[in-house]
Amino acid sequence: MKYENKVLILKETSDGFSTGSPVGGILRLETENGVSTVFLSLINVKALKNGTYFLFLSDGKDFFYTKDLGKRPTSARERI
């Protein structure tokens, strides 16, 4: 059995996305026996009037996962 866990701490680097307090979050990518699951938790994300937020994961060359997070994302969990 092979298990790998990667954690990213997310921090707002550009104004305009928050509800007043800085946007923050955690993205966790777990892989067990070749099956990956992504967990995303966000706080203080401003709801959009038009359009949607997207999550893109990349290996540095190609995007290997994209997900539409909707107009006001807070959390997501999905196998990839």
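Predicted model: local features only at pLDDT ≥ 70, side-chain atom pairs only at ≥ 80, totals over all residues.
## Aromatic pairs

A pair of aromatic rings is described by the distance of the centres and the angle of the planes. The structure has 3 aromatic pairs. One of them joins Phe17 and Tyr53. Their ring centres lie 6.4 Å apart, and the planes make an angle of 55°. That pair is tilted. Phe17 sits in the loop between β1 and β2 (24–32), while Tyr53 belongs to strand β4 (residues 53–58). The contact therefore ties together parts that are 36 residues apart in sequence. Phe17 is partly exposed, at 40% relative accessibility. Tyr53 is buried, at 14%, because the cut-off for buried is under 20%.

Phe56 and Phe63 form another aromatic pair. Here the centres are 5.1 Å apart and the planes are at 50°. This pair, too, is tilted. Phe63 has a relative accessible area of 59%, so it counts as exposed.

Strand β4 pairs with strand β5 (residues 63–70). The sense is antiparallel, and the pairing runs over 6 bridges. Across the two strands, Leu55 stands opposite Lys67 in β5.

How many residues lie between the strands of the hairpin of β4 and β5? There are 4. In this hairpin, Gly60 takes a positive phi near 100°.

## A charge over a ring

Arg28 and Phe39 make a contact of another kind. The charged end of Arg28 sits over the ring of Phe39. The distance from that charged end to the ring centre is 4.1 Å.

## A nonpolar surface patch

Which residues form a nonpolar patch on the surface? They are Val7, Ile9 and Ile26. Together they have about 290 Å² of accessible area.

Ile9 is found in strand β1 (residues 3–11). Its relative accessible area is 66%. Ile9 is therefore exposed, as the class begins over 50%.

Definitions and conventions. Residues numbered from 1 in each chain as written. Heavy atoms only, no water. Patch = residues over 30% accessible without salt bridge, like charges linked within 9 Å, V, L, I, M, F, W, Y side chains within 5 Å. Areas by Shrake-Rupley, 256 points an atom, 1.4 Å probe, with all protein chains shown as cover. Salt bridge = Lys/Arg side-chain N within 4 Å of Asp/Glu carboxyl O. Buried < 20%, exposed > 50% of the residue type's maximum accessible area, 1.4 Å probe, protein only. Phe/Tyr/Trp six-rings, centres within 6.5 Å; stacked < 30°, edge-to-face > 60°. Lys NZ or Arg CZ within 6 Å of the ring centre and 35° of its normal. Pairing = 2+ DSSP bridges.
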